[in-house]
Amino acid sequence: MYSFTSNIRFSEVDIERNLSLSSIVNYFQDCSTFHSEAVDRGFDYLAKQERVWLMSAWQVIIYRRPRFGEAIRIGTWPYDFKSMYGYRNFVIQDPVSNETLVAANSIWVYADTKTGRPVKILPENCEGYVNEPPYPMDYCERKIALPTNSEELPSFPVTQSQLDYNRHVNNGQYIRMAEAYLPDGFIVGEFRADYRKSAVADNIIHPLRSLTETTCTIVLADETGKPYTTVQFFRKEETSNK
């Protein structure tokens, strides 16, 4: 496992001083990026190969939300590379007790930066990574079924500040957009994200929300209703992973 330690910053917490959902994803993204740089498969290597790793799906299970000032260890490891897909686990742990506070699965697609199309992963593309056993959790399907009945919410444009190095909306930004529509008192025990296509600057996001007793599903769609990303939140008391 590759890992680094940190303390929860004020800029990373919500109104309850808990680590925000988007900050959880940001920590995970930083950890995988640091890992890739450490094994010489980071930004410079990918640029020379004209390749990029694109996020396909998240499944994040929250056992306990870290709080402001708390020391944490963020860890990651790949557990499989298959065809054009890379599979990677993440954890946030207490660095003293080793208690796992948050665990996650992620699925990535290896793509050609010129065409935007997925390409086969070659052995040299993942050289330096060491596959480890997958984290023991109930793994869900990659895709999220779109809700049939949804409430339309006010649309908004993508801004430059929401873009990352690839000039697409950053993965964590979609989570930040979606968590803004959670109902008051909705405590998240697990969330999933299904990334379908990349939004860029000046695209208009049309949010749709569907609520049940146990879930809140946010579809961040284009003007035709096709999703850029779908995020599904599960109430904590209803999750099977506690």
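**Notes on a cavity, ring pairs and a few loop residues**

1. Thirteen residues, given as 13 in the count, line the largest cavity, and Ala57, Trp58, Gln59, Cys140 and Glu141 lie nearest its centre. A cavity here is a set of points, on a 1 Å grid over the protein atoms alone, where a 1.4 Å probe fits but cannot get out, and lining residues have an atom within 4 Å of a point. The lining comprises six nonpolar, three polar and four charged residues. Ala, Val, Leu, Ile, Met, Phe, Trp, Tyr, Cys and Pro count as nonpolar, Asp, Glu, Lys and Arg as charged, and the others, Gly among them, as polar.

2. A word on the model before going further. This is a predicted model, in which local features need pLDDT of at least 70 and side-chain atom pairs count only at pLDDT 80 or more, while totals for chains, interfaces and linings use all residues. Residues are numbered from 1 along each chain as its sequence is written, and side-chain values use heavy atoms, with hydrogens and water left out.

3. Back to the cavity: the largest one holds about 70 Å³ of space, and a search of the whole structure finds one cavity of 30 Å³ or more. Such a volume is the space filled by probe spheres set on the grid points, which are joined across faces, edges and corners. S2, S5 and S8 each give at least two residues to the lining of the largest cavity. Strands (E, at least two residues) and helices (H or I, at least four) are DSSP runs, numbered from the N terminus.

4. Next, the aromatic rings. The structure holds 15 aromatic pairs. Rings of Phe, Tyr and Trp (its six-membered ring) pair if their centres lie within 6.5 Å; planes under 30 degrees apart count as stacked, over 60 as edge-to-face and the rest as tilted. Phe10 and Phe68 make an edge-to-face pair, with 6.2 Å from centre to centre and 90° between the planes. This pair links distant parts of the chain, 58 residues apart: Phe10 is in the loop between strand S1 (2–7) and helix H1 (21–38), and Phe68 is in the loop between strand S2 (51–62) and strand S3 (71–82). Phe10 is exposed at 62% relative accessible area, and Phe68 is partly exposed at 43%. Buried means under 20% relative accessible area, exposed over 50%, and partly exposed in between (1.4 Å probe, protein chains only).

5. Tyr174 and Tyr195 are also edge-to-face, because their ring centres are 5.7 Å apart and their planes stand at 70°. Tyr174 belongs to helix H3 (residues 171–179) and Tyr195 to strand S8 (residues 188–195), so the pair ties together parts 21 residues apart in sequence. Both Tyr174 and Tyr195 are buried. Elsewhere, Phe28, Trp58, Phe90 and Trp108 form one aromatic cluster.

6. Arg117 is worth a look on your screen. Arg117 lies in the loop between strand S5 (100–112) and strand S6 (151–152) and is exposed, at 58% relative accessible area. Not counting residues up to four places away in sequence, Arg117 touches Tyr110, Ala111 and Asp112; contact means heavy atoms within 4.5 Å.

7. Arg17 is partly exposed at 46%, whereas Asp202 is exposed at 64%.

Technical notes. On a 1 Å grid over the protein atoms alone, a cavity is a set of points where a 1.4 Å probe fits but cannot get out, and a pocket is an open set with protein on both sides within 12 Å along at least five of seven lines; lining residues have an atom within 4 Å of a point.
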